[in-house]
Amino acid sequence: MASVSLKNVYKYYWSKKEKVEAVKNLNLDVRDKEIVALLGPSGCGKTSTLRMIAGIEEISNGELYIDNNLSNDLTPAQRNIALAFEDYALYFHLTVRENMELCLKAKKLSPDEIRKRIKYISEMLGIEDILDLRTTTLSGGQQQRVSLARALVRDPSIFLLDEPISHVEVNKRYQILAGIKEINYEFGTTILYVTHNQVEAIAVGNRIGVMNFAELQQIGTRDEIFNNPVNIFIASFVGQPQINLMKCEIISDKGEIVLKAKDSSLNFIPDPKVSKKLYQLNLEEVVLGLRPQNIYIRKISDKQKSIKGIIEVIEFLGEDMHIVLRSGECKFSVYCGVHMELKKGKELELFYDQNKLHIFHPETEKAINI
Amino acid sequence: MPKISLKNVTKRFDKVVALNNLSIDIEDGEFFVILGPSGAGKTTFLKVIAGLENPESGEIYFNGNLVNNIVTPKRDVALTFEEYSLYPHFTVFNNIASPLKSPSSKVKYNSKQLKEKVDSVAKMLNINQLLDRLPSELSGGQKQRVAIGRALIKEPQVLLFDEPLAHLDAKIRNQLRTEFHFLKEKFRTTTIYTSHDYKEAISLGDRIMFLDKGEIQQIGTPEEIYNFPKNIIVARNVGWPDINLFDCSINSENNQLYCPEGDFAFDISGSILQLLKNYGESEYIIGARPHYISFSEKPSDVYNLKATCGITETLDNQLIVNLKIKDMNLTLSVDNPDLSLRKNQQLWLHFNDQSLMFFNKKTNENVKIRQ
């Protein structure tokens with residue numbers, strides 16, 4: 001049983017007598033048995049947040065609750081937390097096994113129990129073959145896996161993982177993420193996972209919190225973050241290939257609102273409810289977002305609207321295709337299944353659902369919701 | 001006449017064979033990608049063509065002329081390195097201009113011509129606003145653009161790119177990969193490009209050579225490499241998530257394949273059975289791409305293979321499902337990332353036998369190579 005709750009938390013640093021806010025008014029709940037991924041670009045405050053929860057960084061203002069107990073003043077050791085960092089901080093004179101054993105021996109676990117746990121975790125992370133090697137002989141990716149293994153082999157109530165697989169070879173990453181999810185499933189350990197990689201965050205988190213400029217911008221499930229981004233930053237930070245963003249003029253066509261992408265002949269027709277809202281706001285232009293995954297080559301429902309573009313680039317990617325199209329000066333991309341019949345230079349009609357159009361205010365960059 | 005020909009080229013570093021008896025023709029204007037894991041010999045291949053390494057044996061021809069004894073500056077090639085290798089004390093402008101200022105430059109330019117040339121290359125690479133900066137003030141993606149600009153400005157006969165996107169973040173990497181398509185069109189120079197990322201390779205390459213431990217495993221178009229990998233090594237390294245591989249044996253009485261690891265059997269069509277029988281082995285290794293296996297939450301005539309759902313992972317556009325048939329692990333991927341499956345839930349699978357690959361158990365060769 002472990003939950004973490006941050007209430008109005010601030011972190012200040014002093015740099016040349018100037019106050020720098022690393023974390024601003026953060027409210028975050030990590031529920032019992034949940035994996036929350038904290039995602040953001042470098043310098044957004046995600047690592048400071050994690051370090052405050054671990055107790056290695058003081059909380060400048062606000063309250064930290066672990067299991068509903070105010071924990072601001074507890075020492076790191078009293079918090080029953082296991083940590084893994086991006087930098088490995090391994091004991092270089094010890095073998096992989098000895099690195100993993102240290103904490104368990106300190107806790108006076110039986111040799112049998114220690115062996116069992118090391119076997120389980122080392123197989124999960126694919127390091128069972130290197131257990132008796134010195135850590136100095138390992139590659140960066142392997143060292144990072146050992147660092148993660150040393151955290152996971154413990155049995156804390158909370159794991160705090162800071163970019164734990166950023167140096168691991170790409171093809172091994174998802175296997176490790178599956179392992180982390182399995183530990184969470186089997187033992188119900190609460191996990192806070194910090195990363196700048198949106199694919200990792202989405203793969204591992206039950207919920208994803210996105211930070212930027214020291215503030216939590218949005219927290220929600222993949223579906224919420226992906227399909228209802230609250231601002232342009234979230235829309236463009238999450239999702240690959242990147243969302244298509246187009247500046248559009250609002251024009252009225254026979255009483256119907258049309259969003260016309262600048263310098264192109266792309267016309268988007270928003271949902272009637274959105275149109276009504278746009279009337280009320282009386283804006284001249286908006287920023288329109290449409291994900292490459294939400295544009296289709298075949299019409300799959302009668303309600304779908306269409307746009308046209310000239311094919312500029314076709315990228316065959318094996319499982320999928322990425323296509324860049326142009327209309328006037330406006331380029332946009334589409335991510336779809338494999339269609340070998342498509343040809344460069346040809347005009348293509350494409351289809352979208354009105355409810356997948358994301359509309360943002362041109363100045364505040366916030367989503368315009370109904 | 002091919003632009004570049006290698007005939008029986010071998011290169012060793014002490015006892016390690018970096019290139020083992022390679023012969024290949026690269027056509028004029030071709031965008032040729034060398035794909036392979038680290039240590040495959042990709043960089044050595046480029047260096048041999050550039051003249052930075054001498055082959056131990058074998059010949060290299062440019063336009064039909066033997067160039068083994070021609071030094072690098074005279075080969076008229078441009079090579080970019082994986083780690084950018086920019087001059088740290090030069091601005092972006094001077095870095096890009098450096099090949100034209102070098103004593104080995106074909107033509108001498110005055111400062112106005114130089115500026116025009118740099119501007120046009122910088123514009124193409126979207127770095128025209130960075131010309132006064134030093135490399136230390138650039139991001140990784142920008143540094144790589146400068147390095148590419150420095151190669152392009154020479155307008156060489158052959159462009160050699162060594163893993164240009166390997167050190168970049170996923171997002172910038174995807175963006176630059178797409179941009180390469182535009183650059184490719186504009187330049188139409190014979191290009192050899194190395195990568196360990198199969199998506200990069202099949203997206204960009206007119207042809208791809210899969211290299212492993214200094215040996216050519218396959219040369220083919222993107223579609224051939226992906227859909228008809230010549231052997232297990234290629235199949236394993238192309239496609240994500242990794243291809244599922246498991247043993248099977250033919251039971252010709254009931255047109256079924258039996259898989260001992262998961263203790264199950266499934267029907268296959270007559271044409272495939274015939275193909276396997278003609279090939280002559282009784283046991284094969286099946287290769288099943290994760291997104292060619294379909295499943296249902298309810299059993300039916302089609303979905304008749306019982307499996308147990310394990311951990312699932314949502315990636316951008318797909319859901320990766322790890323599952324088990326008895327003790328055998330399988331990975332599936334579906335295009336619906338919001339589908340919710342519970343761990344230990346029963347799922348019913350169907351193998352589309354037309355999309356399965358079959359490998360010879362002894363030689364690891366694909367049985368179904370397209371003729």
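Just after helix α9 of chain A, A:Asn282 takes a positive phi of about 60 degrees, helices (H or I, at least four residues) and strands (E, at least two) being DSSP runs numbered from the N terminus. The model is a predicted one, in which local features need pLDDT of at least 70 and side-chain atom pairs count only at pLDDT 80 or more, whereas totals for chains, interfaces and linings use all residues. Residues are numbered from 1 along each chain as its sequence is written, chains are lettered from A and ligands numbered from 1 in the order in which they are written, and side-chain values use heavy atoms, with hydrogens and water left out.

Helix α9 of chain A itself covers residues 272-281, and its buried residues are A:Val274, A:Ser275 and A:Leu278, where buried means under 20% relative accessible area, exposed over 50% and partly exposed in between (1.4 Å probe, protein chains only). These residues lie on the same side of α9(A), because they cover an arc of only 105 degrees around the axis, the arc being that of the directions from the helix axis to the C-beta atoms. An α-helix has 3.6 residues a turn, so residues three or four places apart point the same way. The buried residues of α9(A) pack against β11 (244-253), β12 (256-261), β14 (285-290) and β20 (358-360) of chain A, contact being defined as heavy atoms within 4.5 Å. On the face turned away from the buried side, α9(A) carries the exposed residues A:Pro272, A:Lys273, A:Lys276 and A:Gln280.

Two further residues of chain A were examined individually. A:Glu200, in helix α6 (residues 198-204) of chain A, counts as buried because its relative accessibility is 2%. Leaving aside neighbours within four places in sequence, A:Glu200 is in contact with A:Ile165, A:Arg173, A:Leu177, A:Tyr193 and A:Thr195. A:Asn212, found in strand β9 (residues 207-212) of chain A, likewise counts as buried, at 8% relative accessibility; with neighbours within four places in sequence again set aside, A:Asn212 is in contact with A:Pro41, A:Cys44, A:Gln217 and A:Phe233.

Chain B has ten helices and 20 strands, and its C-alpha trace spans about 80 × 45 × 35 Å along its principal axes. Of the 371 residues of chain B, 51% count as buried, and among the contacts in this chain with a separation of 6 or more, 66% are accounted for by residues 24 or more positions apart.

Between the two chains, 31 residues of chain B are in contact with 38 residues of chain A. The area buried between them is about 2,900 Å², with carbon and sulfur atoms giving 51%, where buried area is the accessible area (1.4 Å probe) that two parts lose on being put together, summed over both. B:Lys171, B:Glu313 and B:Asp316 supply 21% of the area that chain B buries against chain A, more than any other three residues. Five salt bridges are counted between chain B and chain A, each defined as a side-chain nitrogen of Lys or Arg within 4 Å of a carboxyl oxygen of Asp or Glu; one salt bridge joins the side chains of B:Lys343 and A:Glu186 (3.1 Å, N to O). On the side of chain B that touches chain A, two or more residues are given by each of α6 (170-187), α7 (198-204), α8 (222-227) and β16 (305-314) of chain B, and α6(B) contributes the largest share, eight residues.
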